[in-house]
Amino acid sequence: MSDSTVIYRQMETPDFPVVFDLLTIIFQDMELPLLKRLSLADIKRITCQAMADPTYRYSKNRCIVAVIDNQIVGVCASYDGAEEPIVDKPFTQALCDLGFDKSLKLFIDRETRPGEYYLDSIVVSSAARGHGVAKGLINATIARVKKEQGHRLDLNVDLHNPHAKAVYTSLGFKDNGHCVISGHQYDHMTRLF
(Lines give C-alpha, C1' and ligand atoms only; values in the text may rest on other atoms or scores of the structure.)
Protein backbone atom coordinates (compact mmCIF):
# COMPACT_ATOMS: atom_id res chain seq x y z
CA MET A 1 0.00 0.00 0.00
CA SER A 2 2.80 2.46 0.82
CA ASP A 3 4.12 2.30 -2.76
CA SER A 4 0.70 2.94 -4.29
CA THR A 5 -0.42 6.36 -5.44
CA VAL A 6 -3.69 7.68 -4.06
CA ILE A 7 -5.91 9.51 -6.52
CA TYR A 8 -8.58 11.86 -5.18
CA ARG A 9 -11.47 12.61 -7.53
CA GLN A 10 -15.18 13.32 -7.70
CA MET A 11 -17.42 10.30 -7.27
CA GLU A 12 -18.81 8.91 -10.55
CA THR A 13 -22.02 6.97 -11.23
CA PRO A 14 -20.34 3.52 -11.37
CA ASP A 15 -18.91 4.24 -7.88
CA PHE A 16 -22.32 4.41 -6.17
CA PRO A 17 -22.49 0.81 -4.85
CA VAL A 18 -18.91 0.80 -3.52
CA VAL A 19 -19.35 4.22 -1.91
CA PHE A 20 -22.56 3.02 -0.27
CA ASP A 21 -20.73 -0.01 1.12
CA LEU A 22 -18.12 2.28 2.69
CA LEU A 23 -20.78 4.61 4.08
CA THR A 24 -22.45 1.61 5.72
CA ILE A 25 -19.53 1.53 8.17
CA ILE A 26 -20.64 4.95 9.41
CA PHE A 27 -24.34 4.10 9.37
CA GLN A 28 -23.72 1.05 11.55
CA ASP A 29 -21.44 2.96 13.94
CA MET A 30 -24.16 5.60 14.31
CA GLU A 31 -26.77 2.87 14.90
CA LEU A 32 -29.19 4.65 12.58
CA PRO A 33 -32.79 3.65 13.34
CA LEU A 34 -33.56 2.93 9.67
CA LEU A 35 -31.18 -0.04 9.83
CA LYS A 36 -33.75 -1.73 12.09
CA ARG A 37 -36.65 -0.98 9.75
CA LEU A 38 -35.27 -1.88 6.31
CA SER A 39 -32.74 -4.36 5.04
CA LEU A 40 -29.30 -3.09 4.07
CA ALA A 41 -30.03 -4.21 0.50
CA ASP A 42 -33.16 -2.01 0.39
CA ILE A 43 -31.33 0.96 1.88
CA LYS A 44 -28.60 0.47 -0.73
CA ARG A 45 -31.15 0.51 -3.61
CA ILE A 46 -32.78 3.66 -2.22
CA THR A 47 -29.48 5.43 -1.55
CA CYS A 48 -27.93 4.54 -4.91
CA GLN A 49 -31.00 5.91 -6.69
CA ALA A 50 -30.84 9.12 -4.61
CA MET A 51 -27.12 9.51 -5.41
CA ALA A 52 -28.06 10.34 -9.01
CA ASP A 53 -29.74 13.58 -7.82
CA PRO A 54 -27.17 16.42 -7.56
CA THR A 55 -28.83 17.83 -4.43
CA TYR A 56 -28.49 14.60 -2.41
CA ARG A 57 -26.01 14.58 0.48
CA TYR A 58 -24.15 11.70 -1.24
CA SER A 59 -24.33 12.90 -4.84
CA LYS A 60 -21.47 13.04 -7.34
CA ASN A 61 -20.85 16.73 -6.77
CA ARG A 62 -20.75 16.33 -2.97
CA CYS A 63 -18.47 13.26 -2.70
CA ILE A 64 -14.75 12.92 -3.22
CA VAL A 65 -13.35 9.39 -3.41
CA ALA A 66 -9.85 8.10 -2.75
CA VAL A 67 -8.66 5.49 -5.25
CA ILE A 68 -5.68 3.15 -4.94
CA ASP A 69 -4.92 0.64 -7.71
CA ASN A 70 -8.33 1.33 -9.30
CA GLN A 71 -10.13 0.49 -6.03
CA ILE A 72 -12.13 3.04 -4.05
CA VAL A 73 -10.70 2.99 -0.54
CA GLY A 74 -12.33 6.09 0.94
CA VAL A 75 -15.01 8.71 0.53
CA CYS A 76 -15.69 12.16 1.92
CA ALA A 77 -19.09 13.85 1.54
CA SER A 78 -19.62 17.54 2.24
CA TYR A 79 -22.06 20.33 1.49
CA ASP A 80 -22.93 23.91 2.33
CA GLY A 81 -24.75 23.79 5.67
CA ALA A 82 -27.42 26.14 4.31
CA GLU A 83 -28.49 23.26 2.04
CA GLU A 84 -29.17 20.81 4.87
CA PRO A 85 -32.96 21.24 4.52
CA ILE A 86 -32.81 19.84 0.96
CA VAL A 87 -30.00 17.26 1.02
CA ASP A 88 -32.26 14.35 1.93
CA LYS A 89 -35.23 15.12 -0.34
CA PRO A 90 -33.83 12.82 -3.07
CA PHE A 91 -33.78 9.97 -0.53
CA THR A 92 -37.47 10.60 0.22
CA GLN A 93 -38.22 10.65 -3.51
CA ALA A 94 -36.37 7.36 -3.99
CA LEU A 95 -38.39 5.84 -1.14
CA CYS A 96 -41.59 6.81 -2.99
CA ASP A 97 -40.31 5.68 -6.38
CA LEU A 98 -39.37 2.26 -5.00
CA GLY A 99 -42.62 1.75 -3.07
CA PHE A 100 -41.40 2.39 0.48
CA ASP A 101 -43.01 4.55 3.17
CA LYS A 102 -41.96 8.13 2.36
CA SER A 103 -41.87 9.05 6.05
CA LEU A 104 -38.79 6.87 6.60
CA LYS A 105 -35.55 8.78 7.16
CA LEU A 106 -31.91 7.78 7.08
CA PHE A 107 -31.00 10.78 9.26
CA ILE A 108 -33.33 12.44 11.73
CA ASP A 109 -31.19 15.04 13.50
CA ARG A 110 -29.95 18.41 12.30
CA GLU A 111 -26.15 18.29 11.97
CA THR A 112 -25.06 21.69 10.64
CA ARG A 113 -24.99 25.25 11.91
CA PRO A 114 -25.59 28.47 9.97
CA GLY A 115 -22.66 29.73 7.90
CA GLU A 116 -20.63 26.54 7.77
CA TYR A 117 -19.57 24.17 5.05
CA TYR A 118 -20.18 20.75 6.55
CA LEU A 119 -18.07 17.61 6.27
CA ASP A 120 -20.95 15.16 6.51
CA SER A 121 -19.14 11.84 6.27
CA ILE A 122 -15.64 10.50 5.86
CA VAL A 123 -14.68 6.85 5.86
CA VAL A 124 -11.65 4.84 4.76
CA SER A 125 -11.60 1.08 4.21
CA SER A 126 -9.85 -0.89 6.93
CA ALA A 127 -7.13 -1.97 4.47
CA ALA A 128 -6.21 1.64 3.65
CA ARG A 129 -6.25 3.11 7.17
CA GLY A 130 -3.03 4.51 8.56
CA HIS A 131 -1.72 5.61 5.15
CA GLY A 132 -2.90 9.25 5.15
CA VAL A 133 -6.01 8.65 3.02
CA ALA A 134 -8.36 10.43 5.46
CA LYS A 135 -6.03 13.45 5.59
CA GLY A 136 -5.88 13.47 1.79
CA LEU A 137 -9.69 13.36 1.54
CA ILE A 138 -10.02 16.23 4.01
CA ASN A 139 -7.41 18.30 2.19
CA ALA A 140 -9.17 17.66 -1.14
CA THR A 141 -12.44 18.75 0.48
CA ILE A 142 -10.85 21.91 1.86
CA ALA A 143 -9.48 22.72 -1.61
CA ARG A 144 -12.99 22.32 -3.05
CA VAL A 145 -14.54 24.53 -0.33
CA LYS A 146 -11.93 27.23 -0.98
CA LYS A 147 -12.66 27.03 -4.71
CA GLU A 148 -16.33 27.63 -3.88
CA GLN A 149 -15.28 30.71 -1.86
CA GLY A 150 -15.90 29.02 1.49
CA HIS A 151 -13.86 30.05 4.51
CA ARG A 152 -14.57 27.24 6.99
CA LEU A 153 -15.19 23.53 7.25
CA ASP A 154 -17.09 21.98 10.15
CA LEU A 155 -17.65 18.40 11.23
CA ASN A 156 -18.93 16.28 14.09
CA VAL A 157 -16.79 13.57 15.65
CA ASP A 158 -18.09 10.87 17.99
CA LEU A 159 -16.78 11.28 21.53
CA HIS A 160 -15.86 7.58 21.44
CA ASN A 161 -13.54 8.05 18.44
CA PRO A 162 -10.42 9.78 19.84
CA HIS A 163 -8.29 8.60 16.90
CA ALA A 164 -10.47 10.49 14.41
CA LYS A 165 -10.48 13.55 16.66
CA ALA A 166 -6.68 13.44 16.77
CA VAL A 167 -6.56 13.38 12.95
CA TYR A 168 -8.91 16.37 12.74
CA THR A 169 -6.94 18.28 15.40
CA SER A 170 -3.69 17.61 13.49
CA LEU A 171 -5.33 19.18 10.43
CA GLY A 172 -6.22 22.38 12.31
CA PHE A 173 -9.79 21.67 13.46
CA LYS A 174 -10.74 23.15 16.83
CA ASP A 175 -13.52 22.24 19.26
CA ASN A 176 -16.62 24.34 18.75
CA GLY A 177 -19.30 22.82 21.00
CA HIS A 178 -21.19 19.55 21.27
CA CYS A 179 -24.26 17.92 19.73
CA VAL A 180 -26.29 14.70 19.77
CA ILE A 181 -26.92 12.74 16.55
CA SER A 182 -28.92 9.51 16.61
CA GLY A 183 -28.48 9.34 20.38
CA HIS A 184 -24.65 9.59 20.21
CA GLN A 185 -22.60 12.44 21.69
CA TYR A 186 -20.38 14.35 19.26
CA ASP A 187 -17.81 17.12 19.45
CA HIS A 188 -18.44 19.80 16.85
CA MET A 189 -15.15 20.96 15.30
CA THR A 190 -14.30 23.87 13.00
CA ARG A 191 -11.40 24.74 10.74
CA LEU A 192 -11.16 28.30 9.45
CA PHE A 193 -9.12 29.18 6.36
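The legends below describe close-up views of a predicted model. Residues are numbered from 1 along each chain as its sequence is written, and, in this predicted model, local features need pLDDT of at least 70, side-chain atom pairs count only at pLDDT 80 or more, and totals for chains, interfaces and linings use all residues. Side-chain values rest on heavy atoms, with hydrogens and water left out.

View 1. The strands, which are DSSP runs of E with at least two residues, numbered from the N terminus, follow the order 1-2-3-4-5-7-6, and two strands pair if DSSP finds at least two bridges between them. Strand 1 (6–10) and strand 6 (174–181) each have a single partner strand and stand at the edges, so one side of each lacks a neighbour in the sheet.

View 2. Strand 4 (residues 117–124) and strand 5 (residues 152–158) run parallel and are joined by 2 bridges; the partner of Y118 in strand 5 is D154.

**View 3. Aromatic pairs around F27.** Rings of Phe, Tyr and Trp (its six-membered ring) pair if their centres lie within 6.5 Å, with planes under 30 degrees apart counted as stacked, over 60 as edge-to-face and the rest as tilted. F20, F27, Y56, Y58, F91 and F107 form one aromatic cluster.

Technical notes
Helices (H or I, at least four residues) and strands (E, at least two) are DSSP runs, numbered from the N terminus.
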